[in-house]
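Please keep the sequence and the structure in view while reading the points below.

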Amino acid sequence: MFINRKARLGYVKPANQTVNINGGKVSETIGLYSLTNECVYVSPGQSIQSAIDAATNGQTVILNDGTFTITSTIQFAKPITVRSLNGYSSVSISANNAAIECVSITQSNAVLDGVTLTGTDRGSSLERGALVCAPGLVLNSRLYNNRARSGAGAWCGNGARLINCLVDG
């Protein structure tokens with residue numbers, strides 16, 4: 001289980017509930033998203049993009065287990081971290097065979113950690129598949145079953161780094 005050391009929490013707090021640790025209030029709810037110190041928690045069916053937009057610089061967006069089906073590219077251009085709660089085998093971001101990129105990272109201090117990006121089908125005419133990272137950091141993730149003319153799994157430039165990632169299918 002992921003533990004956010006800054007927030008000292010290792011569990012998911014559902015939206016619209018208050019969690020008390022040592023008798024002190026440590027959380028609040030903003031819209032549909034649960035904000036706990038430095039974390040914004042998102043569940044399947046909620047918008048990852050809206051959570052990213054709501055996060056402030058330095059915050060972490062935690063993706064709860066499940067499949068997030070997207071209809072447009074998730075963009076993050078600010079210094080935040082988007083990570084799964086339990087690793088890439090538990091969280092999938094799926095383009096559902098659409099001709100879109102799953103994720104586009106354009107900020108050098110932005111981090112994507114522990115997700116599977118899948119289902120991008122840009123055919124044989126479009127470049128750049130599941131991930132566009134220029135710059136940014138992607139860790140412990142899987143890019144699976146994506147198609148494009150070139151860069152179907154990942155297109156990286158401008159100092160982007162992929163560390164401990166699996167690109168297959």
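**An exposed loop residue and the overall picture**

Asn 158 counts as exposed, because its relative accessibility is 64% and the cut-off for exposed is over 50%. The place of this residue is the loop between β17 and β18 (161–163). The model discussed here is a predicted one. Its protein chain contains 1 helix and 19 strands.

**The chain as a whole**

- Of the 169 residues in the protein chain, 47% are buried.
- The accessible surface of the chain amounts to about 8,000 Å², and carbon and sulfur atoms contribute 45% of that surface.
- Among the contacts in the chain with a separation of 6 or more, 54% are between residues 24 or more positions apart.

- Strands of a sheet pair through backbone hydrogen bonds, and the pairing is either parallel or antiparallel.
- Strand β14 (residues 131–133) runs parallel to β17, and 3 bridges join the two. Leu 131 has Ala 154 in β17 as its bridge partner.

- Strand β5 (residues 39–42) is joined to β6 by 4 bridges, and the two run parallel. In this pair, Val 42 stands opposite Leu 63 of β6.
- Strand β6 (residues 60–63) also pairs with β9 in the parallel sense, over 4 bridges. Here Leu 63 stands opposite Ser 84 in β9.
- Strand β9 in turn pairs in the parallel sense with strand β12 (residues 111–113), over 3 bridges. The bridge partner of Arg 83 in β12 is Asp 113.

**Strands covered on both faces**

- In a regular strand the side chains alternate between the two faces of the sheet.

**Residues apart in sequence and their separation in space**

- Val 42 and Val 61 are 19 residues apart in sequence, while their C-alpha atoms are 7.2 Å apart in space.
- Thr 71 and Asn 96 are 25 residues apart along the chain, and 8.0 Å separates their C-alpha atoms.
- Thr 71 is found in the loop between β7 (66–69) and β8. This residue is exposed because its relative accessible area is 74%, where the cut-off for exposed is over 50%.

**Backbone details in the loops**

- Which peptide bond is cis? The bond from Ala 134 to Pro 135 is cis, with omega near -5 degrees. Pro 135 has its place in the loop between β14 and β15 (137–139).
- Asn 140 has a phi near 50 degrees, which is a positive value in a residue other than glycine. This residue lies in the loop between β15 and β16 (142–144). Its relative accessibility of 30% is why Asn 140 counts as partly exposed.
- Asn 158 also has a positive phi, near 55 degrees, and is a residue other than glycine.

**Rings and charge**

- How many aromatic pairs does the structure hold? The number is 0.
- The ring of Tyr 144 has the charged end of Arg 142 sitting over it, 4.1 Å from the ring's centre.

Definitions and conventions
Residues numbered from 1 in each chain as written. Predicted model: local features only at pLDDT ≥ 70, side-chain atom pairs only at ≥ 80, totals over all residues. Heavy atoms only, no water. Phe/Tyr/Trp six-rings, centres within 6.5 Å; stacked < 30°, edge-to-face > 60°. Lys NZ or Arg CZ within 6 Å of the ring centre and 35° of its normal. Buried < 20%, exposed > 50% of the residue type's maximum accessible area, 1.4 Å probe, protein only. Contact = heavy atoms within 4.5 Å. Areas by Shrake-Rupley, 256 points an atom, 1.4 Å probe, with all protein chains shown as cover. Pairing = 2+ DSSP bridges.
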